[in-house]
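Here are my comments on the model you sent. They go from the overall fold to single residues, with the cut-offs given where a term is first used.

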Amino acid sequence: MPHAPLDADHVSRRWLGKATHDLPANEASVVRSAAERRPISEDINETFDDRQTFGERLADKVATFGGSWTFLIAFGLFLVVWTVLNLVLRRDAFDPYPFIFLNLMLSMIAAAQAPIIMMSQNRQAQKDRLDAGNDYQVNLKAEIEIMALLEKVEHLTARQEEQTELIRHLLAQKEAR
């Protein structure tokens with residue numbers, strides 16, 4: 001049989017010592033969730049991914065590929081082929097030693113790749129902050145629920161002790177007769 005929802009302000013005053021309106025928004029949300037007996041956790045990945053723009057998704061893909069062994073090996077092979085081909089062709093080389101065109105291309109790639117990777121890292125940091133906030137809310141709710149359960153267990157234990165004492169008293173009266 002489902003329990004009736006508790007009053008959020010009662011839960012807030014009881015377990016956090018403050019009225020709901022005196023709490024930060026994230027804590028007030030936790031208190032309402034505990035009072036209404038509903039989950040507070042959410043899938044941050046799903047929430048975060050739903051809000052991504054095309055540019056943000058592209059930056060993540062570029063950063064993922066740019067930081068992979070596949071990219072490192074492929075780019076290393078490209079550099080080796082470029083260098084060997086230009087050394088073998090000597091006078092007919094399209095980029096003779098000291099490979100000035102290659103240096104220009106590498107500089108342009110680095111100039112474009114660095115900010116894209118930084119954008120991706122900033123977004124990951126944003127996601128980590130959201131994840132940490134969600135963890136805090138889940139932990140706070142678990143703490144409130146545990147305190148409430150402990151109070152119920154203590155109450156039930158006290159009632160059980162009262163009933164045990166009453167039974168002993170009734171048994172003693174019965175034996176006295």
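**Notes on the predicted model**

1. The protein has 6 helices and 0 strands. Helices (H or I, at least four residues) and strands (E, at least two) are DSSP runs, numbered from the N terminus. The order of elements from the N terminus is α-α-α-α-α-α. The radius of gyration is 33 Å, well over the 16 Å that the globule rule gives for 177 residues, so the protein is more spread out than a compact globule. The radius of gyration is taken over C-alpha atoms, and the globule rule is 2.2 Å times the number of residues to the power 0.38.

2. On the source: this is a predicted model, in which local features need pLDDT of at least 70 and side-chain atom pairs count only at pLDDT 80 or more, while totals for chains, interfaces and linings use all residues. Residues are numbered from 1 along each chain as its sequence is written, and side-chain values use heavy atoms, with hydrogens and water left out.

3. The C-alpha trace spans about 125 × 40 × 25 Å along its principal axes. Of the 177 residues, 21% are buried. Buried means under 20% relative accessible area, exposed over 50%, and partly exposed in between (1.4 Å probe, protein chains only). Among contacts with a separation of 6 or more, 61% are between residues 24 or more positions apart; contact means heavy atoms within 4.5 Å.

4. Ser12 lies in helix H1 and is buried, at 0% relative accessibility. Leaving aside residues up to four places away in sequence, Ser12 touches Gly17, Lys18, Ala19, Thr20, Leu23 and Val31. Ser12 and Gln121 are 109 residues apart in sequence and 37 Å apart in space, C-alpha to C-alpha.

5. Helix H2 covers residues 25-35, and its buried residues include Val30, Val31, Ala34 and Ala35. Glu27 and Ser33 are also buried there. The cover over the buried residues of H2 includes H1 and H6. Arg37 follows H2 and has a positive phi, near 55 degrees.

6. Which residues lie nearest the centre of the largest pocket? They are Leu6, Trp15, Arg37, Ala148 and Lys152, out of 14 lining residues. Two or more lining residues come from each of helix H1 (8-16) and helix H6 (100-176), and H6 gives the most, with 7 residues. The volume of the largest pocket is about 280 Å³. On a 1 Å grid over the protein atoms alone, a pocket is an open set of points where a 1.4 Å probe fits, with protein on both sides within 12 Å along at least five of seven lines; lining residues have an atom within 4 Å of a point. Grid points are joined across faces, edges and corners, and a volume is the space filled by probe spheres set on the points.

7. The lining of the largest pocket divides into 7 nonpolar, 2 polar and 5 charged residues. Here Ala, Val, Leu, Ile, Met, Phe, Trp, Tyr, Cys and Pro count as nonpolar, Asp, Glu, Lys and Arg as charged, and the others, Gly among them, as polar.

8. Glu151 is found in helix H6 and is partly exposed, with a relative accessible area of 31%. Not counting residues up to four places away in sequence, Glu151 touches Arg14 and Trp15.

9. The side chains of Arg123 and Asp60 are joined by a polar contact of 2.5 Å. A polar contact is a pair of N or O atoms within 3.5 Å; within protein, one must be able to donate a hydrogen and the other to accept it, and residues adjacent in sequence count only if both atoms are side-chain atoms. Beyond four places in sequence, Arg123 touches Phe48, Gln52, Glu56 and Asp60.

10. The loop between helix H5 (69-89) and H6 holds Pro98, and the peptide bond from Tyr97 to Pro98 is cis, with omega near 15 degrees. Phe99, in the loop between H5 and H6, has a positive phi near 55 degrees and is buried, with a relative accessible area of 12%. Arg90 lies in the loop between H5 and H6. Phi of Arg90 is positive, near 45 degrees, and Arg90 is exposed, at 65% relative accessibility.
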